[in-house]
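Subject: Structure handover

Hello,

Here is the structure for you to look through. Please open it first, then read my notes below.

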Amino acid sequence: MSLFVIAACLTAGGLIGFMGGVLGIGGGLIAIPALVLLMGMSQQLAQGTALIMVLPAITMAVRKYNQQTRIDKRVAAAGAAGAVVFTWVGARLALGIHSSVLRQSFAVFLFFIALFYVWQTWRAARPAAKRPQANKAPAPVFTPRRASVLGMLCGTLGGFFGVGGAVLAVPIITSVFRLPQTTAQALALSMVIPGSTIALITYAWAGQADWMVGLPLAIGSLLFVPVGVKLAYRLPERKLRISFAVMLFATVALLAFEA
């Protein structure tokens, strides 16, 4: 690999790490379509390579989130435990299907998540008098048992798409349990760390991870994740949700273009 490509990967990793830190997504949603479009990788190889970058990036992001607001370790550990086995199952399923089918499935999944964020942002902006009376009921507590069930679902998706567990967990935590956006992002990312490790091992074992590309991306990402997390706590929550939705729609557009 040329020095130019390494430098480009370091730069791209820095940008992805910054945006992932702001949005609480680990950067994989940006890296995967970029690897497919710019480097001609198959969907499986892009997902495995992105995991090389994602795993250290989300670990760094969780550390920075925890410095701002302490993460409930019991809830996070229960969610992580639920995700581990199901992440392996999802990864094995992804490795057994055609790349184009996996890419299209990824795009559809992200499209509906983005729609959900748009709806959630619109609902939050409505005057309190126009909201359904049910919204005034106390929110259910996000207990370790509930986190474990959510971890199973997120682990399956995270393994199947290489990323996505945290993307699904964040809107569920904010809408069902009504926790703040940054708290939800911190919990979701901490829940997917063990599962992401399993997914990376599974993809790498199948030869679907390019370490020469993934490692420079990871190094660049680690340098800028803290900057993104710091900005996340300064942005208004509504703007953070809108930014998240825009990022997802942009990813869908890139994947549709490739198809």
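A residue counts as exposed when its relative accessible area is over 50%, and as buried when that area is under 20%. Anything in between is partly exposed. Keep those cut-offs in mind for the residues below. Keep in mind, too, that this is a predicted model.

**Overall picture**

The protein has ten helices. It has zero strands. Reading from the N terminus, the order of elements is therefore α-α-α-α-α-α-α-α-α-α.

How does the radius of gyration fit a compact globule? The chain has 259 residues, and a compact globule with that count would have a radius of gyration near 18 Å. The protein has 17 Å, so the two agree. Along the principal axes, the C-alpha atoms fill a box of roughly 60 × 35 × 35 Å.

Of the 259 residues, 50% count as buried. The protein exposes about 11,700 Å². Carbon and sulfur atoms supply 70% of that area.

Now the contacts. Take those between residues at least 6 apart in sequence. Of these, 85% join residues at least 24 apart.

The charges come next. There are 20 positive and 4 negative charges in the protein. Their mean positions are 14 Å apart.

**Aromatic rings**

How many aromatic pairs does a search of the whole structure find? The search finds six.

Start with Phe109 and Phe161. Their ring centres are 5.0 Å apart and their planes are at 15 degrees. Planes under 30 degrees apart count as stacked, so this pair is stacked. Phe109 lies in helix 5 (residues 99–125), and Phe161 lies in helix 6 (residues 144–161). The pair therefore ties together parts that are 52 residues apart in sequence.

Phe111 and Phe112 make another pair. Their ring centres are 5.7 Å apart, with the planes at 80 degrees. Planes over 60 degrees apart count as edge-to-face, so that is the label here. Phe111 is partly exposed, because its relative accessibility is 33%. Phe112 has a relative accessible area of 53%, so it is exposed.

Ring pairs also build a cluster. It links Phe106, Phe109, Phe160 and Phe161.

**Two residues to look up**

Gly159 lies in helix 6. Its relative accessible area is 0%, so Gly159 is buried. Which residues does Gly159 touch, not counting residues up to four places away in sequence? They are Thr87, Gly90, Ala91, Ala94, Ala199 and Tyr203. Compare Thr69: Gly159 and Thr69 are 90 residues apart in sequence, and their C-alpha atoms are 28 Å apart in space.

Thr174 sits in helix 7 (residues 165–175). It has 5% relative accessibility, so Thr174 counts as buried. Leave aside its neighbours within four places in sequence, and Thr174 is in contact with Gln120, Leu179, Pro180, Gln181, Ala184 and Arg241.

Best wishes

Key:
Residues are numbered from 1 along each chain as its sequence is written. This is a predicted model: local features need pLDDT of at least 70, side-chain atom pairs count only at pLDDT 80 or more; totals for chains, interfaces and linings use all residues. Side-chain values use heavy atoms; hydrogens and water are left out. Helices (H or I, at least four residues) and strands (E, at least two) are DSSP runs, numbered from the N terminus. The radius of gyration is taken over C-alpha atoms; the globule rule is 2.2 Å times the number of residues to the power 0.38. Buried means under 20% relative accessible area, exposed over 50%, partly exposed in between (1.4 Å probe, protein chains only). Contact means heavy atoms within 4.5 Å. Accessible areas come from the Shrake-Rupley method with a 1.4 Å probe; for residues, only the protein chains shown count as cover. Lys and Arg count as positive and Asp and Glu as negative; His and the chain ends are not counted. The place of a charge is taken as NZ of Lys, CZ of Arg, CG of Asp or CD of Glu. Rings of Phe, Tyr and Trp (its six-membered ring) pair if their centres lie within 6.5 Å; planes under 30 degrees apart count as stacked, over 60 as edge-to-face and the rest as tilted.
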